[in-house]
Amino acid sequence: MDGALRRAAVRALARVRHTAQLVHQAAWAAPDQSVLLVRSLSSPRLRYALAVVCVCGVFILTVTADTQLNQLVPGSLAWALAGLQVLPLLLAAHRPLAAWRLSAVGLTLTTFAEVGHAPTPFWPWPVSGCLAYVVLLFITAQVYGRDIAVGVDLLTAIAVLLPAVPLVGMPPVVLAVAAVVVTLVLVLGESIHSRQEAERHLVAAELQRRAGLARQAVLEERSRIARELHDVVAHHMSMIAIQAEAAPYKEPGLPEQTLRTFGAIREASTTALTEMRRVIGLLREDDENAERSPQPGIDRIPEMVRAARQAGMQVDLTLAGGPDRPPAVVDVSVYRIVQEALSNAGRHAPGARVEVEVVRTHDAVQVHIADDGRTTGGPAPGGNGGHGLTGMRERAAMLGGTLRAVPREHGGFEVTAELPLDGASPPNEGESSSAAGDS
């Protein structure tokens with residue numbers, strides 16, 4: 001029983017704190033501007049109409065002052081209180097919350113200024129001031145939403161309406177009716193705010209969806225271009241290089257100038273083929289900004305292995321070869337193959353020991369990644385594999401290399417790749433459909 005009472009007390013205290021926070025925000029802590037209202041009132045014609053309404057409100061207040069404020073307070077004070085109630089409408093376009101605060105202060109001061117005088121029947125405030133206050137209530141709720149509207153409602157009931165009952169004799173029934181009217185105005189403004197927010201979220205979601213579709217279309221088009229470059233243009237460039245190199249052997253005794261021409265043709269086609277393969281690699285990157293940032297290479301593999309070890313994997317790394325870096329396209333491809341193989345081992349063989357070996361020879365880079373067995377019941381990568389193995393095979397084929405990914409005899413999985421350093425050797429027969437005529 002004590003526990004239930006304690007929980008009820010905690011919930012009640014939380015509600016009181018939340019209510020106090022809403023009142024605090026409405027009174028002085030909330031931001032004092034609104035983009036939505038500024039945008040809707042940015043037309044000069046609307047601003048002119050708002051100014052006319054304010055002038056008319058002041059005029060109405062002046063006309064009715066003889067039967068309202070001037071009978072209860074001195075004339076100069078009556079004008080000051082009237083201006084404090086009505087003129088904040090001029091701020092409503094840019095600072096609606098500040099305008100409401102000023103108008104609320106004006107109504108409250110009017111109540112205290114009438115203390116000791118004969119009260120007006122049922123209502124202590126001038127009509128124009130009340131109309132201005134209702135407009136500001138609506139605008140504030142429309143701009144700031146539910147939380148501020150609740151705080152404004154509470155402050156209006158406590159600080160503006162309630163003091164009029166003991167100070168100037170306003171009937172409680174009138175207080176209740178006024179509180180209901182204020183609440184209804186705020187509810188109406190908040191409902192419009194909620195609808196505008198929902199429309200804004202729908203528009204943002206639609207824009208995001210269209211951006212995603214556009215990006216997907218761009219990626220698909222880039223992938224199609226990469227396939228066409230690899231399957232058609234790269235094949236013909238390889239044939240040009242091969243024919244230019246084979247021409248002196250087919251026709252012995254060619255003039256020296258002709259031999260130099262064939263050599264220049266082979267060199268130019270080989271260079272073009274290497275650059276084309278680099279472009280294909282960039283087109284196949286998912287990140288559109290990948291080409292603008294430095295690409296990782298073999299020298300980043302130890303850092304990747306350290307990250308894998310920190311994630312709980314057991315990885316043994318062997319790097320062998322000369323200190324010189326291979327060509328950039330080979331360097332990046334070696335890194336990506338090791339990265340994908342480690343990712344596959346982490347997904348399909350968590351806890352297994354993985355061996356990574358990268359050896360650079362005088363004409364190629366050899367890569368070998370193997371794990372000692374799967375420890376989960378998930379499917380082992382094999383056969384054609386998913387997108388990861390397909391991407392590794394495409395990288396190797398693009399460079400004229402080979403890649404073999406098969407299960408090990410005693411359990412586990414291994415990936416073996418060999419990438420030529422010149423990046424221009426045509427792939428072996430069967431490695432890529434685009435190189436069928438290169439062998």
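Colleague: Which way does α5 pass α6, in a left-handed or right-handed crossing?
Modeller: In this predicted model, α5 passes α6 in a left-handed crossing, meaning that the near helix is turned anticlockwise from the far one by less than a right angle. Helices here are DSSP runs of H or I, at least four residues, numbered from the N terminus.

Colleague: And which residues make the contact?
Modeller: With contact meaning heavy atoms within 4.5 Å, α5 brings residues including Pro 96, Trp 100 and Leu 107, and α6 brings, among them, Tyr 133, Leu 137 and Tyr 144.

Colleague: Thanks! Switching topic, how many salt bridges are there?
Modeller: The count comes to 7, where a salt bridge is a side-chain nitrogen of Lys or Arg within 4 Å of a carboxyl oxygen of Asp or Glu. One of them joins the side chains of Glu 190 and Arg 146, at 3.7 Å from N to O.

Colleague: What does that pair tie together?
Modeller: Glu 190 lies in helix α9 and Arg 146 in helix α7 (residues 146-161), so the pair ties together parts 44 residues apart in sequence.

Colleague: Where does Val 177 lie, by the way?
Modeller: Val 177 is in helix α9, which covers residues 172-250.

Methods: Residues numbered from 1 in each chain as written. Predicted model: local features only at pLDDT ≥ 70, side-chain atom pairs only at ≥ 80, totals over all residues. Heavy atoms only, no water. Helix = DSSP H or I, 4+ residues; strand = E, 2+ residues; numbered from the N terminus.
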